[in-house]
Amino acid sequence: YGCGLDRPAGKELSWTPAATPDNIAEIRITVSEHSDFSDSLTHMPSSVKANSYTIANLLPDRTYYYKAEEIHTDSTTALLAQGVFRTVGQVRMIRVLGAHNVRDIGGWPTSFGVPVKYGRLFRSAHLDDVTAEGYHDFVENMNVTAELDLRGLFRKEPHLKASRMGDKIDFVRIVADSYALSSNRLIYAQALNWIISKLREGKNVDWHCGVGCDRCGTLSFLIEGVLGVSEADLCRDYELSCFRGHKRYRGHVGFRKLLPWMKNQGPEGDIAQCFYNYWVESGVSETDLQYLRNEMLDWSKK
């Protein structure tokens, strides 16, 4: 366990300013998987006095090209730094300023022989306090424009009717209980049906509870399971939520009951089919489940 280990390390850049702050309109970091910077993403340090920046939220196992530029008030541009680097790892931890415990559910290997696709579905703690820079990274760069809020079970939790990130976010609140796979069948089905409807609209989706561990983890477990993620990796993803600093092994709470219960929902040795049966019996159509697998499994890696 640690504190703040939910944040990616990132690639740190540093430079010597080419002009005084009074003459700098903005500093712009451009990142792309292509040397000609096509399909690029931009990052902007919050201050024109900055002389360093950490690029985060990149896809694992990719090569990236970057450049840092100083945009002056007279519209001229100075190149501050440029280069190329490669990312490593599998889990895509996400830095969103003002939020915690954010990560992409992509990257996990599956029983279908291909990994879960990056960049479509995300899980997190609440998004109520996302900063302008966090909004730029999460919404504008990663196109996360649909938010599912699982809170409302506890007295002090907000009962939001719209996203606090702004009116550009499609928002729904579906109150769920942790681990209650049987009694919450219809609730989880409602949540997954909404997520699939947003995927069909081309939107990337984030779901969250308060701290991103239990209710968020239960829904993540159910979605990753039907995508063919293994028992061991389902446990790994669940436990990663504690890297934020919650010093509580999830196996000591209700999570330890989830896998044994789910394995009784279908044939022995086919955990993905067990999850599939659960979702069908809960009210998710087979057509939608097949769409979810087609959309969320990276068949290009076959």
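Buried here means under 20% relative accessible area, exposed means over 50%, and partly exposed lies in between (1.4 Å probe, protein chains only). Helices (H or I, at least four residues) and strands (E, at least two) are DSSP runs, numbered from the N terminus. The buried residues of H1 are Glu133, Gly134, Tyr135, His136, Asp137, Phe138, Val139 and Asn141. After H1 comes asparagine 143, with a positive phi near 60°.

Residues are numbered from 1 along each chain as its sequence is written, and side-chain values use heavy atoms, with hydrogens and water left out. Since this is a predicted model, local features need pLDDT of at least 70 and side-chain atom pairs count only at pLDDT 80 or more, while totals for chains, interfaces and linings use all residues.

Most residues other than glycine have a negative phi. Aspartate 39, in the loop between S2 and S3, has a positive phi near 50°, and its relative accessibility of 68% makes it exposed. Serine 75 sits in the loop between strand S5 (63–72) and S6. The phi of serine 75 is positive as well, near 75°, and this residue is exposed at 63% relative accessible area.

On a 1 Å grid over the protein atoms alone, a pocket is an open set of points where a 1.4 Å probe fits, with protein on both sides within 12 Å along at least five of seven lines; lining residues have an atom within 4 Å of a point. Grid points are joined across faces, edges and corners, and a volume is the space filled by probe spheres set on the points. The largest pocket holds about 500 Å³ of space. Its lining has 26 residues, and Glu33, Leu41, Leu59, Tyr64 and Arg92 lie nearest the centre. By type, the lining of the largest pocket divides into 9 nonpolar, 9 polar and 8 charged residues, where Ala, Val, Leu, Ile, Met, Phe, Trp, Tyr, Cys and Pro count as nonpolar, Asp, Glu, Lys and Arg as charged, and the others, Gly among them, as polar.

The second largest pocket has a volume of about 300 Å³. It is lined by 18 residues, with Pro8, Gly10, Leu58, Thr87 and Val88 closest to its centre. This second lining comprises 11 nonpolar, 5 polar and 2 charged residues.

A salt bridge is a side-chain nitrogen of Lys or Arg within 4 Å of a carboxyl oxygen of Asp or Glu, and the whole structure contains 20 of them. Aspartate 104 belongs to strand S8 (residues 102–104) and arginine 92 to the loop between strand S6 (77–86) and strand S7 (93–94), 12 residues apart. Both partners are buried: aspartate 104 has a relative accessible area of 1% and arginine 92 one of 7%.

Another salt bridge joins arginine 120 and glutamate 295 (2.2 Å, N to O). Arginine 120 lies in the loop between S8 and strand S9 (121–124) and glutamate 295 in helix H7 (residues 286–296), so parts 175 residues apart in sequence are tied together. Arginine 120 is buried at 12% relative accessibility. Within helix H4 (residues 231–240), aspartate 233 and arginine 236 are 3 residues apart, about one turn of the helix, and their side chains form a salt bridge (2.6 Å, N to O). Asp128, Asp149, Arg151 and Arg164 are linked in a network of salt bridges.

Finally, the structure holds 0 disulfides, a disulfide being a pair of cysteine sulfur atoms within 2.5 Å. The closest cysteine sulfur to that of cysteine 209 is in cysteine 216, 5.1 Å away and so too far for a bond. Cysteine 274 is in no disulfide either, with the nearest cysteine sulfur, in cysteine 235, 15 Å away. Cysteine 209 is buried at 2% relative accessibility, and cysteine 274 is buried at 1%.
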